[in-house]
Amino acid sequence: MHTDIDIDADLVRSLLREQHPYLAGLDPRPVDGGWDNQLWRLGDELAVRLPRTPRAPDLLRRECRWLPELAPGLPLPVPVPLRVGQPSALFPAVWTVVRWVAGEPLDRVPVTEGLHAADALAGFLRALHRDAPAGAPVNPGRGVPLTDLVPHLDEQLEVVSSPVAAGVREVWEAAVAAPAWDGPPVWLHGDLHPANAVGSHGTLTGVIDFGELCVGEPATDLAAAWLLLPSGAAARFFAAYGDVDEATVRRARGWAVLRGLGLIGIGQAWERGLPGGKETWGPAGRATLDRVLASA
C-alpha cells in the first residue's frame with residue numbers, strides 16, 4: 001500500500017473541499033476494482049482516482065501529461081484527467097479527477113458482439129498507434145522485443161497444466177522467432193486486458209487505465225484481439241486494423257499468451273486468498289489462452 005490512510009467517502013469529500021471545492025457537493029461512491037488506484041464515482045460524469053500502490057502516483061502523472069493530448073483523436077471514450085489533486089496533510093500523494101467512462105469491465109461482462117467489437121477495437125488502436133514524439137515514455141515491460149521477456153515465461157507457465165503449457169510454449173517460441181518490428185515507435189496503451197476495457201450491449205464501448213501508456217511496437221496492444229474479443233473475431237480485427245504482416249501477428253500472439261498467463265496467476269492468487277488476487281481475472285486469462293491456441 002502507498003499509505004496506511006483509510007480511503008473512505010469522508011476523505012474524498014475532504015480532499016475535494018480542500019483543493020476542488022466546486023466539486024465537493026457531488027456524492028462520492030466507491031467502485032469495485034482497480035489495481036494501482038482506488039476509484040470513486042463522483043456524480044454522474046466524473047470519478048476520483050486515489051493511488052494505493054507505491055508506483056501509482058507516477059502512473060497518474062504520466063496519464064495527466066499525455067492523455068489529454070491523445071484523447072481528442074481517439075474514437076472511444078477514455079478517462080481524461082480533468083483536475084489534479086496535490087499531496088497534502090490529508091493525503092500524501094497526487095490524485096486525479098477524471099471523466100467517467102460508462103460500461104462494465106470486460107472481465108465481468110465479456111464481449112458477445114464480436115464483429116462490432118472487432119471493428120471498434122481496430123479503430124481505437126489504429127487511431128492510438130501513431131508516431132510518438134521525442135520524450136514520450138518508454139516501459140521496460142511493454143512495447144519491447146519479446147526476447148527481453150523470455151526469462152519470465154517459465155515461471156508463468158506453472159499456472160497451467162502440461163498440455164496447455166506445451167501449446168503456449170509453441171506459440172511463444174514462434175513469436176520470439178518472428179522478425180522484429182522495424183518501424184518507428186508508436187503510442188501504446190500498454191495494458192489492454194479485459195479489466196482495462198469496458199463494454200455494454202455486448203460490445204466494446206471504452207478503454208480505461210492508461211497508467212502503462214508508453215511507446216514501442218504495436219504487437220503489445222494487438223494482443224487484445226485474443227484478450228478482449230470472442231473466438232473467431234481476431235481475423236475481422238486484423239482486417240479492420242489493416243497493414244499487419246504475419247510476423248506482427250505472431251508477436252501479438254506471444255504477447256497474448258504472456259498476458260493470459262499473468263491473468264491466470266492473479267486469479268489463482270484470489271483462489272488462495274492472497275493479496276492482489278482478482279476473482280474474474282483467472283477465467284479471462286484461460287479464455288485468452290483458449291482463443292490463442294485455437295487460432296495458432
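Author: A residue is called buried under 20% relative accessible area, exposed over 50%, and partly exposed in between, with a 1.4 Å probe and protein chains only as cover. Asp243 is exposed, because its relative accessible area is 85%. The model is predicted, so local features need pLDDT of at least 70 and side-chain atom pairs count only at pLDDT 80 or more, while totals for chains, interfaces and linings use all residues. Residues are numbered from 1 along each chain as its sequence is written, and side-chain values use heavy atoms, with hydrogens and water left out.

Reader: How many helices and strands does the protein chain have?

Author: Helices (H or I, at least four residues) and strands (E, at least two) are DSSP runs, numbered from the N terminus. The protein chain has 10 helices and 10 strands. The chain is as compact as a globular protein of its length, because its radius of gyration of 19 Å is close to the 19 Å that the globule rule gives for 296 residues. That radius is taken over C-alpha atoms, and the rule is 2.2 Å times the number of residues to the power 0.38. Along the principal axes, the C-alpha atoms fill a box of roughly 55 × 40 × 35 Å.

Reader: What share of the 296 residues counts as buried?

Author: The share is 54%. The protein chain exposes about 13,100 Å², and carbon and sulfur atoms supply 54% of that area. Such areas come from the Shrake-Rupley method with a 1.4 Å probe, and for residues only the protein chains shown count as cover.

Reader: Where is Asp243 placed, and what is its phi?

Author: Asp243 sits in the loop between helix H8 (234-241) and helix H9 (246-271). Its phi is near 55°, a positive value in a residue other than glycine. His201 likewise has a positive phi near 55° and is not glycine. His201 belongs to the loop between strand S8 (197-200) and strand S9 (203-207). With a relative accessible area of 78%, His201 is exposed.

Reader: Which residues of helix H1 are buried?

Author: In H1 (residues 9-19), the buried residues are Ala9, Leu11, Val12, Leu15 and Leu16. They lie on the same side of H1, because they cover an arc of only 165° around the axis. The arc is that of the directions from the helix axis to the C-beta atoms. Their cover includes strand S1 (28-31), strand S2 (37-42), strand S3 (46-51) and strand S5 (95-99).

Reader: Which residue caps the N-terminal end of H1?

Author: Asp8 caps that end, with a side-chain oxygen 3.3 Å from the backbone nitrogen of Asp10. A polar contact is a pair of N or O atoms within 3.5 Å; within protein, one must be able to donate a hydrogen and the other to accept it, and residues adjacent in sequence count only if both atoms are side-chain atoms. Another case is Thr220, whose side chain reaches the backbone nitrogen of Gly143 at 2.9 Å. Thr220 lies in helix H6 (residues 219-222) and is buried, at a relative accessible area of 7%.

Reader: What is Thr220 in contact with, leaving aside its neighbours within four places in sequence?

Author: Contact means heavy atoms within 4.5 Å. On those terms Thr220 is in contact with Arg142, Gly143, Leu188, Gly190 and Trp255. Pro230 lies in the loop between helix H7 (224-227) and H8, and counts as partly exposed at 21% relative accessibility.

Reader: How do S1 and S2 pair, parallel or antiparallel?

Author: Strands of a sheet pair through backbone hydrogen bonds, either parallel or antiparallel. Two strands count as paired if DSSP finds at least two bridges between them. S1 and S2 pair in the antiparallel sense over four bridges, and Pro28 stands opposite Leu42 in S2. Their hairpin has five residues between the strands, and Gly33 there takes a positive phi near 120°. S2 also runs antiparallel to S3, with six bridges, and Trp40 stands opposite Val48 in S3. The S2 and S3 hairpin has three residues between the strands, and Gly43 in its turn has a positive phi of about 65°. Five of the six residues of S2 are buried.

Reader: In which order do the three strands of the open sheet stand?

Author: The order is S6-S8-S9, with antiparallel pairing. Strand S6 (104-105) and S9 are the edge strands, each pairing on one side only. Two bridges join S6 to S8, and Glu104 stands opposite Gly199 in S8.
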